[in-house]
Amino acid sequence: MSPAHRAVILVMAALPPAIWGSTYLVTTELLPPDKPLMAAVLRILPVGLVITLMTRYRPDRSQWGKLAVVSLLCMSLLHWPLFVAAYRLPGGLAALLVASQPLLIMIMGWLLFGTRTPRHVAIGVFVGLSGVAMILIAPSRLAWDTVGIAAALLAAFSMALGILLVKRWQLAIPTLAFTGWQLLLGGLILLPFALAFELPFQRLETGHLGGYLYLAVIGTLLPYFLWYRALRHLEPVLITAFLFFSPLSAMLLGYLVLDQALTTAQIAGAVAVFAGILISHYQTGAERHNNNLHKEPSE
């Protein structure tokens, strides 16, 4: 992989978490209260339907089982608990727990598949997590809601396992179609539960509609396409290290939109986040040479 190509891939991996950091602000400020299942369905199902109709790609019979599994893990069991956490926890804390995925991937990758994480990547992950903790603990006003914390950890665990399986199975499906089918199947799995437990649905106001539209188009369509495109070229622990940008984005939005002041510790934490990502993605000359010998075919 050439330096220019790698730079493009890294930007594609960094943008989605930065955008996803706005989910927590949009949920608390714009969406109807206490409707996590409906929020998850309206975020992923319409976008998935549009993409699958647009691409007109139908997976092979042998791919359906694995596609259903990763859709459940990366979409259904990510978005439902994610919105539960977003409703019950401060956005930064929810983002921190979901951003624990690199650590979970290192542990599960070793336990399930015997994958060993390079030392500099592990160091970068711990530095980044430490920076995120500094960002969030500085104000000392975290609400430790048990249900919210459990939901955020479930979302992190589910997506971490899903990413490992996506990378391991390497389903031969074009990126856009793969994204669309995951969103569609993930939304369909949640739809019956939303209809059973969250009806009647209150009358939607303009702000509610704007929030759902933002999450579907800006928060889902573009980020997931970029994310899965980057995942084809990066190892799971490396791409999920960029999730540290999510709580950083949540913090910055709180500063810009909600007039929340930034402390010195938070600024230092932000610097540590960037340092952790840089450390985890540092390549020696030997690694760069090895990557050039094993270039992935372009789509």
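**Whole chain**

Start with everything shown as cartoon. The model is predicted. The protein holds 14 helices and 0 strands. Follow the chain along its sequence and the pattern reads α-α-α-α-α-α-α-α-α-α-α-α-α-α.

Of the 299 residues, 51% count as buried. Take the contacts with a separation of 6 or more: residues 24 or more positions apart account for 91% of them.

**Helices α3 and α9**

Select residues 36-55 for α3 and residues 175-197 for α9. How do these two helices pack? Two packed helices are described by the angle between their axes and the distance between the axes. For α3 and α9, the angle is about 140 degrees and the axes are 6 Å apart. Their crossing is left-handed. Colour the contact by residue class: it has 21 nonpolar residues, 6 polar ones and no charged ones.

**Thr220**

Next, pick Thr220 in helix α10. Is Thr220 buried or exposed? Thr220 counts as buried because its relative accessibility is 0%, and the cut-off for buried is under 20%.

A polar contact of 2.9 Å links it to the side chain of Arg43. The Thr220 side chain also reaches the backbone oxygen of Leu215, at 2.7 Å.

Then display the surroundings. Setting aside neighbours within four places in sequence, Thr220 is in contact with Arg43, Ile44, Val47, Leu183 and Leu215. Go back to the helix pair for a moment. Arg43, Ile44 and Val47 have numbers that fall in the 36-55 range of α3, and Leu183 has one in the 175-197 range of α9.

**Ser158**

Move to helix α8, residues 146-169, and select Ser158. With 2% relative accessibility, Ser158 counts as buried. Which backbone oxygen does its side chain reach? The oxygen belongs to Leu73, at 2.5 Å.

Beyond its neighbours within four places in sequence, the residues in contact with Ser158 are Leu72, Leu73, Leu77 and Leu78.

**Helix α6 and its end**

Select residues 101-113, which form α6. Which residues of α6 are buried? They are Gln101, Pro102, Ile105, Met106, Met108 and Gly109. Now step just past the helix to Gly114. This residue takes a positive phi of about 70 degrees.

**Glu235**

Jump to the loop between α10 (206-231) and α11 (236-240), where Glu235 sits. Glu235 counts as partly exposed, because its relative accessibility is 46%. Draw a C-alpha to C-alpha distance from Glu235 to Lys167. The two are 68 residues apart in sequence and 7.7 Å apart in space.

**Thr264**

The last stop is Thr264, in helix α13 (residues 264-280). Is Thr264 buried or exposed? Thr264 is exposed, because its relative accessible area is 68%, and the cut-off for exposed is over 50%. Finish with one more C-alpha to C-alpha line, from Thr264 to Met134. It spans 9.7 Å, and the two residues are 130 apart in sequence.

Note on methods:
Residues are numbered from 1 along each chain as its sequence is written. This is a predicted model: local features need pLDDT of at least 70, side-chain atom pairs count only at pLDDT 80 or more; totals for chains, interfaces and linings use all residues. Side-chain values use heavy atoms; hydrogens and water are left out. Helices (H or I, at least four residues) and strands (E, at least two) are DSSP runs, numbered from the N terminus. Buried means under 20% relative accessible area, exposed over 50%, partly exposed in between (1.4 Å probe, protein chains only). Axes are lines fitted to C-alpha atoms, for helices over the stretch in contact, and angles run from 0 to 180 degrees between N-to-C directions. A crossing is left-handed if the near helix is turned anticlockwise from the far one by less than a right angle, and right-handed if clockwise. Ala, Val, Leu, Ile, Met, Phe, Trp, Tyr, Cys and Pro count as nonpolar, Asp, Glu, Lys and Arg as charged, and the others, Gly among them, as polar. A polar contact is a pair of N or O atoms within 3.5 Å; within protein, one must be able to donate a hydrogen and the other to accept it, and residues adjacent in sequence count only if both atoms are side-chain atoms. Contact means heavy atoms within 4.5 Å.
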